[in-house]
Amino acid sequence: MTGPLTGIAPAAGPRRPPLRRAVRGSVREGVARIEAATPPGRDRAVDALRALAILGVVGGHWMVTSLVADSGTVRGASPLTAMPRLAPVSWVFQTLAVFFLVGGLVAAGSWASAQKRGVPYGRWVGGRLARLFRPVAAVLLVWTLAAAAMAAAGVGVPTVRALGKLVWSPLWFLLVFAALTALTPLVARLHPLWPLVAVLHVDLVRLGLDGPRELGWINVIAGWLVPYCLGALVARGGLSGRAGRWALLLGGASAAAGLVLWAGYPASMVGVPGGRMSNLDPPSLAAVAFGLAQCGAALLLLGPLRRALRRPALWAAVALVNLAAMTVFLWHQTAMIIVTATALLCADGPLPGLHTVPDGPGWVVARLLWLPVFALALAGCWAAFRGYEQGGRRTGGGSLVVRGSAPGRKGDTRRA
């Protein structure tokens, strides 16, 4: 005997998949779309190096930069001032040399392709610089309006200056990168030894012989020209063997260590507030030597990265970072400021790792816990402003370039 409800079928209608299944399906679809859109000959490892370089800079800024709320004002501080033993953090996160290495590799290949296709220099360089500076305009506009609004609301000048410095000071890097990009036809075949010798002599005069400090500004170009020319050399097929790359890694690391231990250069590869000198402002011989070591390590990683990036999911993550690399770089400090200011307005007092003085291990632990929150805020900035960068990629003209490829492999024409 059956109960009264036996045999009654459930109401007909479409069954909605669980949210997790829907998300997984969407992710798989996105990964498949990126994989299908990737040219077969693309050297994915080069894109991975660029992504690692950008993320290294972001992580480094978030770890060695702090905004301290004190007596109604906000000021910048660095944990490296009170905890010099954290200098190895700067060795991991100061990855600008790798970015310039990739920049030289890609630009040299792009210019060679432009020449073959008869693209004039003005069109080539205009296209590349437009794509570089298009997202900068959005940052400058937003922060000009934000600074004006803060001043009108009565926010103190020291606070506005501290926040603006965090956002605008990293833009020096883009100016140098733009200058080297414009000089690519002249420096593409310049051996990196020549700018390295220039850096050596500048430091010898300004530091060893008490020469004019203004000489250090020569290193702003010469120092970053070393990895840039190294990338152009790789694009021409140089340093194709592992021996040369190991020599870069070990020789650069040994030279940097020797300069720190016996020549008086700071151990930190970033500037430290209150320090007697900075390895980065302007670039010193120690920073350039360390950059060569990083470039050697990056070149050694190309093979393993190529094998790893055959996995569509991993490649999709790298591709997404590259599509908005400048957006991530330009807005990462803003993301940290958004979290810091929001928490300051909502909390009863300063929060550890966010508003407190970075003077002990407790601050470091607390700051590590805040990093996912910074990343979430950066994702919001990315969603809001990525169109300024990706819009430049959809335009014609200079966006069609030849990617520098690995030595021994033919370059391929594609969107950069």
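Reader: In which helix is Arg206 found?

Author: Arg206 is found in helix H10. Helices (H or I, at least four residues) and strands (E, at least two) are DSSP runs, numbered from the N terminus. The model is a predicted one, in which local features need pLDDT of at least 70 and side-chain atom pairs count only at pLDDT 80 or more, while totals for chains, interfaces and linings use all residues. Residues are numbered from 1 along each chain as its sequence is written, and side-chain values use heavy atoms, with hydrogens and water left out.

Reader: Is Arg206 buried or exposed?

Author: A residue is called buried under 20% relative accessible area, exposed over 50%, and partly exposed in between (1.4 Å probe, protein chains only). Arg206 counts as buried because its relative accessibility is 12%. The C-alpha atoms of Arg206 and Gly216 are 7.0 Å apart in space, and the two residues are 10 apart in sequence.

Reader: Which residues make a nonpolar surface patch?

Author: Patches are made of residues with over 30% relative accessible area and no salt bridge; like charges are joined within 9 Å, and nonpolar side chains (Val, Leu, Ile, Met, Phe, Trp, Tyr) within 5 Å. A salt bridge is a side-chain nitrogen of Lys or Arg within 4 Å of a carboxyl oxygen of Asp or Glu. Accessible areas come from the Shrake-Rupley method with a 1.4 Å probe, and for residues only the protein chains shown count as cover. Here Leu204, Val205 and Leu209 make a nonpolar patch of about 270 Å². Leu204 belongs to helix H10 (residues 193-208) and counts as partly exposed, at 48% relative accessibility.

Reader: What is the value of phi at Asp210?

Author: Most residues other than glycine have a negative phi, and most peptide bonds are trans. Phi of Asp210 is near 55°, a positive value in a residue other than glycine. Asp210 lies in the loop between H10 and H11, and it is exposed because its relative accessible area is 68%. Leu239, in the loop between H11 and H12, also has a positive phi, near 50°.

Reader: Which residues does a cis peptide bond join?

Author: A cis peptide bond, with omega about 0°, joins Asp281 and Pro282. Pro282 is placed in the loop between helix H12 (242-262) and H13.

Reader: What is the volume of the largest pocket?

Author: The largest pocket has a volume of about 1100 Å³. Of its 39 lining residues, His61, Thr65, Lys165, Ser169 and Gly271 lie nearest its centre. H2 gives the most to this lining, with 5 residues.

How values were computed. 1 Å grid on protein atoms, 1.4 Å probe; cavity = no way out; pocket = protein on both sides within 12 Å on 5 of 7 lines; lining within 4 Å. Points joined across faces, edges and corners; volume = space filled by probe spheres on them.
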